[in-house]
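Colleague: I should like to learn how to read this model, feature by feature. May we go through it together?

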Amino acid sequence: MIVSVSQLNNYIKGVMELDETLNLISVKGEVTSCKFSHGNLYLTLSDDDGQIDCFAFGDRTEAPEVGLNVIVTGRVRYLPRFGKISFLVNKIERADFGQNYLRFIQLREKLQKEGIFDLSRKKALPVMPRKIAVVTSRTGAVIRDITDVVRRRQPFSDILLYPVHVQGDSAEEEIVQGIKYFSENPVADVLIVARGGGSNEDLSVFNSESIVRAVAQCPLPTVSAIGHGVDFTLTDFAADVRAVTPTEAGELVTRDITVILSDIFRKVERLYNVASEVVKAEQYSLGRALYAMYSAAGALAEQRENRILNLLAVLSQNCGKLCDARSNRIELLLQRLSDNNPANILAKGYLSVTKKGDRVVSVKQLQKGDCVSVLLADGSADAVISRVEVDNETGRKHS
Amino acid sequence: MKLEENIAKLTELAEKTESADVTVQEAIESFKQGIVLAQQCLDEINGYKGQLVELKTQMDELNNDR
């Protein structure tokens with residue numbers, strides 16, 4: 001018998017609608033996820049072996065706490081369009097905390113007592129790691145987001161992916177193996193353990209003790225990026241740093257190279273500007289110094305020139321003065337010579353007397369009757385002394 | 001320092017001619033020597049001035065190269 005999908009789905013729906021048990025039933029389970037959307041309540045009830053999605057129309061004001069055991073009353077319905085079963089909830093009653101939640105609390109306390117979550121164990125993330133290890137699914141947005149961020153911010157860094165299933169039966173073992181691989185092989189500088197958003201059930205593997213211990217024991221600095229911001233797992237507490245999203249994980253382990261380069265360029269530009277100013281200032285100082293030297297040398301040459309010319313002037317003046325002085329002296333001497341010239345004396349009417357060739361300078365040299373020669377200005381004559389008389393005042397003899 | 005030495009000598013000559021007991025002959029002789037020294041000094045200074053002009057040109061070229 002061959003039917004279409006729609007026919008099969010409608011058949012299933014019909015069968016379920018006819019089943020009285022499924023039309024009014026109460027189900028007890030642990031709330032493993034719960035959210036409001038468009039005013040309607042969506043929650044998942046789980047136990048150790050299964051889960052069911054529940055839906056309640058938007059006339060509620062509060063949602064049951066995740067981890068609580070609740071009893072929901074309503075009916076099971078089949079959604080032919082999606083091929084899914086959903087439990088339409090009329091009433092929700094609180095039962096107690098579910099086993100999953102209790103196990104979670106007990107494990108958390110145990111690990112806390114061991115100091116697994118102590119802040120003192122946290123390692124600092126490396127600066128600009130070259131090798132970034134990632135344990136996550138090979139497919140999906142998580143590895144793509146991390147890769148995009150790393151390539152944008154630190155294009156020189158390598159991403160080492162250890163692909164794992166992030167939910168399902170094999171997830172726990174694979175994730176532990178991935179973390180241990182990077183713990184035991186020194187091929188990376190930092191480790192990111194990541195998965196995208198999901199229900200609490202989807203994320204619950206990251207509450208497993210083996211993964212938490214593997215993260216805590218990992219020698220590499222670890223970043224957990226599990227689910228979305230509001231989701232917390234024990235792995236997040238064990239990791240050194242928790243990221244809200246895979247993108248943030250990529251940002252936490254990298255530096256934006258463009259910002260760093262920009263900063264470097266700014267600093268280099270500033271250094272260049274400072275150096276330019278210093279060079280300009282030095283050039284200006286040098287120019288001024290050179291000009292000062294030029295001016296000083298020129299002034300000194302002028303000064304020396306003037307000094308030499310002054311000295312020549314002094315020499316000339318002194319020689320001139322000396323010559324004038326000597327000239328005056330000579331004139332005076334000439335005048336004296338002139339005054340003392342015998343011709344000039346004779347011209348005044350004086351005469352020179354000689355007796356037998358000897359000059360007569362006193363009347364005492366003469367007697368009456370002596371023959372003397374008389375020299376006048378214009379000639380000479382012989383004379384006989386007729387009288388000699390001595391001058392009583394001057395002692396001259398009159399004859 | 002030949003220039004400075006010659007200027008010193010020139011100064012000596014000028015001072016000598018200012019002395020009270022210098023003769024005219026000595027003064028004229030000093031003057032003659034002074035002229036010779038002055039000429040040498042001025043020649044040397046002109047040489048320095050020429051170098052200064054050249055250095056100024058080089059200095060201006062350096063400034064223009066900045």
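Colleague: How many residues of chain A are in contact with chain B?

Modeller: Two residues are in contact if their C-beta atoms, placed from the backbone, lie within 7 Å. Here, 21 residues of chain A contact 28 residues of chain B. On the side of chain A that touches chain B, 12 residues are nonpolar, five polar and four charged. In this division, Ala, Val, Leu, Ile, Met, Phe, Trp, Tyr, Cys and Pro count as nonpolar, Asp, Glu, Lys and Arg as charged, and the others, Gly among them, as polar.

Colleague: What should I know about the numbering and the origin of the model?

Modeller: Residues are numbered from 1 along each chain as its sequence is written, while chains are lettered from A and ligands numbered from 1 in the order in which they are written. This is a predicted model, in which local features need pLDDT of at least 70 and side-chain atom pairs count only at pLDDT 80 or more, whereas totals for chains, interfaces and linings use all residues.

Colleague: Where in chain A is confidence lowest, and where is it highest?

Modeller: The predictor's confidence in each residue is given by pLDDT, from 0 to 100. Where pLDDT is low, the predicted coordinates should not be read in detail. Chain A has a mean pLDDT of 88, and 96% of its residues reach 70 or more. Confidence in chain A is lowest in strand S16 (residues 397–398), at a mean of 48, and highest in S6(A), at 97.

Colleague: How many helices and strands does chain A have?

Modeller: Helices (H or I, at least four residues) and strands (E, at least two) are DSSP runs, numbered from the N terminus. Chain A has 11 helices and 16 strands.

Colleague: Why does the end-to-end distance of helix H10 of chain A agree with its number of residues?

Modeller: The expected span of a helix is 1.5 Å times one less than its number of residues. Helix H10 (residues 257–339) of chain A has 83 residues and should therefore span 123 Å; its end C-alpha atoms are 120 Å apart, which agrees.

Colleague: How many residues of H10(A) are buried?

Modeller: A residue is buried if 20 or more other C-beta atoms lie within 10 Å of its own, exposed if 12 or fewer, and partly exposed in between, with C-beta atoms placed from the backbone. H10(A) is hardly covered, with seven buried residues among its 83. Among them are A:Ile308, A:Leu315 and A:Leu322. The buried residues of H10(A) pack against helix H1 (2–17) and helix H2 (24–65) of chain B.

Colleague: Which residues of the largest nonpolar core touch the most other members?

Modeller: A nonpolar core is a set of buried Ala, Val, Leu, Ile, Met, Phe, Trp, Tyr and Cys residues joined through C-beta atoms within 7 Å. In the largest one, of 42 residues, A:Ala133, A:Leu191, A:Ile192 and A:Val215 touch the most other members. Apart from it lies another core, of 14 residues, including A:Ile308, A:Leu322, B:Ala27 and B:Cys41.

Colleague: How do strands S2 and S3 of chain A run relative to one another, parallel or antiparallel?

Modeller: Two strands pair if DSSP finds at least two bridges between them. Six bridges join S2 (residues 40–46) to S3 (residues 51–56) of chain A, and the two run antiparallel. They form a hairpin with four residues between them, and A:Leu43 stands opposite A:Cys54 in S3(A).

Colleague: Is A:Lys356 buried or exposed, and why?

Modeller: A:Lys356 is exposed, because 9 other C-beta atoms lie within 10 Å. A:Lys356 is found in the loop between strand S11 (352–355) and strand S12 (358–360) of chain A. Most residues other than glycine have a negative phi. A:Lys356, although not a glycine, has a positive phi of about 50 degrees.
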